[in-house]
Amino acid sequence: MPSELPVTRAALPPLDEYVDEIRGLWGTQWITNMGERHEELERALESYLGVSHVSLFVNGHSALECALDALELSGEVITTPLTFASTVHAIVRRGLTPVLADVRPDDCTIDPEAIEAAITPRTSAIVPVHVYGNLCDVDAIADIARRHGLRVVYDAAHAFGVERGGVSAASCGDVSMLSFHATKVFNTIEGGALCYGDAAFGERVRLLRDFGIRDSEHVDLVGGNAKMNEFCAAMGLCNLRHVDGEISARGAAAARYRERLEGVSGLTLIAPRPGVRPNHGYFPVFFEDSFGASRDEVFSALERRHILCRKYFYPLVSDYACYRGRYSSADTPVARDRAARVLTLPLYGALSRDDVDRVCDAVLGCRG
């Protein structure tokens, strides 16, 4: 029986390196509440990402909720249905109303024209998503936000390390949220962050992240508990030393996928953007009718061969049971079509050329 190929695999540093990183914790016994490693990782990420301020969180979802809370938004927030549940859930959980706008067919990011059409007097913000690490049209979105007086909170969970013209994706908008979940290009086991330029906003974020506590005798805000612990921060410090190698290895696997699959009739790949440094976090493939086998048929065929892919993102958020009756995927036809056709193929730094060829052989063997 062939070995199983997972859709992704967590990047881990050498064990001895991690042990050395956490060894001092047994001396200080300070393992949470903004310890030394937590503070060191925030500074290291600010340098790596080229942003003014980073605030770490227990996970990306908590970070996104905190950003929406800290901006004191109200009314409607425009986002995309082609995203992970967290994006829309965070908006709802902050007492806001998501308005779902369609995406562009070429890269699956939110369509600026659809954003413009969705704006009402109740709109307070836009939450665009860099889907699969593909950068949104940040210039068009910035122009829309300026003209309509809207805040922009980027869900950049997929975009760690992505740059355009040497400028980090994490610097876009009023604030960008990053996810450091174990499946991401860069992980802290579990974790996330907000990146922003406004120090006053950062102070509000820090309070909201820790119960609103200013000091031992003063609680200024009704906050939650979303702090990153020292063990996760230590993992982040280790993985940050290796992340460029992880991205490079993923890039080699992605390049082999393109060699084998680009130009195949019925397969659509997202084209690389000029001037963009990608992170190769995902490798989505769209199965058009002319391929001769549907996405679901390919998914099942690969699963029988112990190759695990993901229908990412399917179904659309608008088709979730918890939003039934509030939204219809028919209102975002491009997103609905792309969601029905996409598979993300296995991609991680340890994926070998032979593994990629095994996946490609299985995909191409499904052609009608």
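Analyst: By the distance rule for salt bridges, the count comes to 39. The model is predicted, so local features need pLDDT of at least 70 and side-chain atom pairs count only at pLDDT 80 or more, while totals for chains, interfaces and linings use all residues. Residues are numbered from 1 along each chain as its sequence is written, and side-chain values use heavy atoms, with hydrogens and water left out.

User: What makes the pair Arg-93 and Glu-65 a salt bridge?

Analyst: A salt bridge is a side-chain nitrogen of Lys or Arg within 4 Å of a carboxyl oxygen of Asp or Glu. The N to O distance between the side chains of Arg-93 and Glu-65 is 2.4 Å, so the pair meets the rule. Arg-93 is in helix H5 (residues 85–93) and Glu-65 in helix H4 (residues 60–70), 28 residues apart; such helices are DSSP runs (H or I) of at least four residues, and strands are runs (E) of at least two, numbered from the N terminus. Glu-65 also forms a salt bridge with Arg-94, with the closest N and O atoms 4.0 Å apart.

User: Why is Arg-93 called exposed, and why is Glu-65 called buried?

Analyst: Buried means under 20% relative accessible area, exposed over 50%, and partly exposed in between (1.4 Å probe, protein chains only). Arg-93 has 58% relative accessibility and therefore counts as exposed, whereas Glu-65, at 12%, counts as buried. Arg-94, at 34%, is partly exposed.

User: How do you know that Ser-329 makes a polar contact with Asp-319?

Analyst: A polar contact is a pair of N or O atoms within 3.5 Å; within protein, one must be able to donate a hydrogen and the other to accept it, and residues adjacent in sequence count only if both atoms are side-chain atoms. The side chains of Ser-329 and Asp-319 make such a contact at 3.2 Å. Ser-329 lies in the loop between helix H10 (295–304) and helix H11 (333–341), and its 9% relative accessibility makes Ser-329 buried.

User: Why is Ile-115 called buried, and which residues does Ile-115 touch?

Analyst: Ile-115, in helix H6 (residues 112–118), has 0% relative accessibility and so counts as buried. Not counting residues up to four places away in sequence, Ile-115 touches Ile-78, Ala-101, Ile-110, Ile-126, Ile-141 and Ile-144, where contact means heavy atoms within 4.5 Å.
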